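Subject: Handing over a structure, with notes

Dear colleague,

I am passing on to you the structure below, together with some notes on what was found in it. Please keep it open while you read.

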Amino acid sequence: CMNLEAQVFLPEDPGIVQLENLGIHVNADGNCFVGCEVDGVMGQRDNIPVDLLCRLVNDLHEDSRHILDNLMSVHQRHLVKCLFKSTHYIHYAFNQTAFFFADSITPSLPANAYMDGEVLETELGQILGHLVSAHDLEDGIVVLIGKSGILIAGPGVTELDHTVLPYLSIMARLTFIGNFFHRLFILEDRLAGIRVMIDEHYGRPQSLSTIRQEVMDTCRDVSLLKALLKAFVESLDTIVCSSVDPADTELSKEETLLRILDTEVYLKDAKARSEDLVKLLECLELEVAALHENTDVISETQMFSLQESVQTNTRNMESLFR
């Protein structure tokens with residue numbers, strides 16, 4: 001693994017002074033965590049509004065993307081570009097789950113009160129996405145779980161970081177699975193277009209070069225996606241989830257949080273969906289191989305037609321000079 005601290009000096013608008021140091025942890029199992037401690041935003045050190053936190057998180061995402069992109073090898077960039085199919089892949093690749101520790105939250109309410117469907121839930125949705133659940137722990141600790149992140153507020157919440165990290169790791173992998181499914185759908189549409197080109201190639205001999213180029217590009221994409229999926233499946237086996245005995249009634253804060261997050265269920269879901277990805281990619285690989293054979297048949301057919309034409313012209317010329 002690799003641990004480092006990055007000091008950011010990216011240009012800011014005139015009049016804005018930003019002191020930003022990021023701690024980064026990159027592990028060989030695929031986990032990548034970027035974190036920082038917020039001392040203040042726009043002159044506010046306490047009770048920082050959610051809208052300012054939202055802008056801060058956006059800046060952190062942008063800065064961490066550039067840092068992580070500099071750490072990637074050329075082959076890793078090719079893999080990520082192939083997945084997101086964009087020259088601006090950096091804007092999509094490193095935007096994953098966010099995790100917030102807070103000493104307190106204002107107003108201080110029971111957890112369910114934040115899911116009011118109105119002002120409070122809308123405010124929190126800026127940084128957490130759609131709120132899924134809210135829970136109370138002992139010592140007045142509140143846990144708010146959203147589609148895009150988790151907020152844990154209360155005294156001594158930093159002690160719970162090791163409990164939450166496996167959950168965040170799995171959430172990031174589930175996001176990857178969604179992106180991979182989307183990429184396979186795009187690849188399937190491209191293969192369907194190649195099949196149409198093959199069916200309509202009669203009378204258009206010049207289309208063979210275009211078909212061959214399309215098949216070559218899809219072969220390359222399938223090869224890169226296969227390597228990427230293999231590394232992803234291997235990374236799932238490295239995740240270790242702690243469990244809590246369902247019969248236990250007296251639980252510590254860590255054990256209660258483990259039961260709330262239910263990380264094992266999400267891990268099983270990720271493994272099941274990864275098996276579906278493997279099967280879908282294998283089907284597409286067979287389809288690409290079949291299309292490659294079709295292009296060879298078209299090439300042979302055109303060559304045979306050319307030879308027949310040459311032979312016919314030769315016989316006509318012989319009959320003409322007799």
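The notes below go from the whole chain to its sheets, then to a pair of helices and a few backbone details.

This is a predicted model, in which local features need pLDDT of at least 70 and side-chain atom pairs count only at pLDDT 80 or more, while totals for chains, interfaces and linings use all residues. Residues are numbered from 1 along each chain as its sequence is written, and side-chain values use heavy atoms, with hydrogens and water left out.

The chain as a whole

The secondary structure of the chain comes to eight helices and seven strands, where helices (H or I, at least four residues) and strands (E, at least two) are DSSP runs numbered from the N terminus. Of the 322 residues of the chain, 35% count as buried; buried means under 20% relative accessible area, exposed means over 50%, and partly exposed lies in between, with a 1.4 Å probe and protein chains only. Among contacts between residues at least 6 apart in sequence, 63% join residues at least 24 apart, a contact being heavy atoms within 4.5 Å.

Strand β2 (residues 20-26) is joined to β3 by four bridges, and the bridge partner of Gly23 in β3 is Gly35.

The four-stranded sheet

A second open sheet is formed by four strands in the order β4-β7-β6-β5, and here the pairing is mixed. Since β4 and β5 stand at the edges with a single partner strand each, one side of each is left without a neighbour in the sheet. The twist averages 10° from one strand to the next.

Strand β6 (residues 142-146) is mostly covered, with five of its five residues buried: Val142, Leu144 and Gly146 point one way, whereas Val143 and Ile145 point the other way. On one side, β6 runs antiparallel to strand β5 (residues 131-136), to which five bridges join it, and Ser133 stands opposite Ile145. β6 also pairs in the antiparallel sense with strand β7 (residues 149-153), over four bridges, with Ile152 in β7 as the bridge partner of Val143. The hairpin from β6 to β7 passes through two residues, while the hairpin of β5 and β6 has five residues between its strands.

Two helices lie across strands of this sheet: α4 lies across β4, β5, β6 and β7, running at about 120° to β7, and α5 lies across β4, β6 and β7, running at about 160° to β4.

Helices α5 and α7

Which angle do the axes of α5 and α7 make where they cross? The axes of helix α5 (residues 161-199) and helix α7 (residues 253-261) cross at roughly 15° and come within 9 Å. That makes α5 roughly parallel to α7, a label given to angles under 35 degrees. In this contact Thr163, Val164 and Tyr167 of α5 meet Glu254, Leu257, Leu258 and Leu261 of α7. The residues of the contact divide into five nonpolar, one polar and one charged, where Ala, Val, Leu, Ile, Met, Phe, Trp, Tyr, Cys and Pro count as nonpolar, Asp, Glu, Lys and Arg as charged, and the others, Gly among them, as polar.

Backbone details

Most residues other than glycine have a negative phi, and most peptide bonds are trans. Asp139, in the loop between β5 and β6, has a positive phi near 65° and is exposed, with a relative accessible area of 52%. Asp262, in the loop between α7 and α8 (263-321), has a positive phi of about 55° and counts as partly exposed at 38% relative accessibility. A cis peptide bond, with omega about 0°, joins Thr106 and Pro107, and Pro107 is in the loop between β4 (98-102) and α4 (119-128).

With best wishes

Key: Axes are lines fitted to C-alpha atoms, for helices over the stretch in contact, and angles run from 0 to 180 degrees between N-to-C directions. Angles under 35 degrees count as roughly parallel, over 145 as roughly antiparallel, 65 to 115 as roughly perpendicular and the rest as oblique. Two strands pair if DSSP finds at least two bridges between them.
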